[in-house]
Amino acid sequence: MNSRGSANRLSSTSNFRSRISFLMLSMFSTMAALYVAGRLWMDSENRVYLIQELDRRTGQGRSAISVDDTLKIITCREQQKRLTALQMELGKASEEGFVSKHLLDNNEKDSKKKLLAVIGVSTNFGNKKNRDAIRKAWMPTGPARKKLEEEKGIVIRFVIGRSLNRGDSSDRAIDDESRSFDDFIILNDHVESPQEQSKKTKSFFAHAVEHWDAEFYAKVNDNVYVNLDAIGSVLTTYLDKPRAYIGCMKSGEVFSQPEQKWYEPEWWKFGDGKSYFRHASGEIFAVSKALAQFISINRSMLRSYAHDDVSAGSWFIGLDVKYVDEGKFCCSSWSSGSVCAAA
């Protein structure tokens, strides 16, 4: 009896284990089948897409796509899926108020109308009378300046550097004047000096193109009176020139003697003829955005000569630039249609 009972128990245990093993094997088989089916389904989707892409490319369906193209197509599909998911997340975040400040700033900038011109009036510490005269004559202040920017797309700022003795009375006077009128570009990294005018002009273009999106950027001396309607009209005629260098073009003798007024320390670079290459007069000239960006990007490598007009001309030699000899930018006399007159 005992031996028969023991045999029955052993048989039951063996049957139970067999059922467990069968169930485990069935479960693993099912999972494997689902995995394989899923992969086949994904591969079939990719194959359908590749066939459609092939048909689109050839129009015949008989050519083969290279392995590289196959991998690129699959990668593009995966990137598209990720992009779609990110767009959904961004949309959700936007609805909940979690939008980055960078995106908001960019959207605000993009929504603004592009300016026609940014005009920098180069000035120095001792020329406050010139600045006051310009504000009365042709440079609006307060709400009128804001209206000019919004309606005509013209921004005007005085441009000045810092004193060699940082924080002295000259710096403080400019800071006070800037707070009163809010019409300065103060180049904090530039030391104001007559010998550094070329570097100052270069810094202005770099600063202006980094802070304003405009079609043109113009430099003017603070002893020049400008007709804003005329300069706006003239610049508009050159909107189709993407790399325009506009001014009263000239060339002339290179002075090699230190006692001469327009002495050029590097006179020997201009050859035996001692004649400057063609360049715009420094009283007023304008460049299109592409050239201002070129100056900004390459400012550390661009050579500065004794005079800023010669320096500016040298920056564009060798570039595919449209030189515009615009007679209306010649300030020697105030004639009909002229944009400027020298004081």
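Helix α7 contributes the most to the lining of the largest cavity, giving four residues. In this predicted model, the elements that supply two or more lining residues are α7 (197-211) and β1 (115-122). The lining as a whole is formed by G120, V121, S122, V159, Q197, K200, T201, F204 and K219. Sorted by class, these residues comprise three nonpolar, four polar and two charged ones. The volume of the largest cavity is about 40 Å³, and the structure holds one cavity of 30 Å³ or more.

Aromatic pairs number six in the structure. Two of them are set out below.

| Pair | Geometry | Centre to centre | Angle between planes |
|---|---|---|---|
| F158 and F184 | tilted | 5.7 Å | 40 degrees |
| Y245 and F316 | edge-to-face | 4.9 Å | 65 degrees |

The pair of F158 and F184 is classed as tilted because its planes are 40 degrees apart, a value between the limits of 30 degrees for stacked and 60 for edge-to-face. F158 belongs to strand β2 (residues 154-162) and F184 to strand β3 (residues 184-191), so their contact ties together parts that lie 26 residues apart in sequence. Both F158 and F184 are buried.

The pair of Y245 and F316 has its planes 65 degrees apart, and an angle over 60 counts as edge-to-face. Y245 is located in strand β6 (residues 244-250), whereas F316 is in the loop between α10 (308-315) and β8 (322-325); the pair therefore ties together parts 71 residues apart in sequence. How accessible is Y245, which counts as buried or exposed by its relative accessibility? Y245 has a relative accessibility of 0% and so counts as buried. F316 is likewise buried, its relative accessible area being 1%.

The charged end of R135 sits over the ring of F181, at 3.9 Å from the ring centre.

Terms used:
Residues numbered from 1 in each chain as written. Predicted model: local features only at pLDDT ≥ 70, side-chain atom pairs only at ≥ 80, totals over all residues. Heavy atoms only, no water. Phe/Tyr/Trp six-rings, centres within 6.5 Å; stacked < 30°, edge-to-face > 60°. Buried < 20%, exposed > 50% of the residue type's maximum accessible area, 1.4 Å probe, protein only. Lys NZ or Arg CZ within 6 Å of the ring centre and 35° of its normal. 1 Å grid on protein atoms, 1.4 Å probe; cavity = no way out; pocket = protein on both sides within 12 Å on 5 of 7 lines; lining within 4 Å. Points joined across faces, edges and corners; volume = space filled by probe spheres on them. Nonpolar A, V, L, I, M, F, W, Y, C, P; charged D, E, K, R; others polar.
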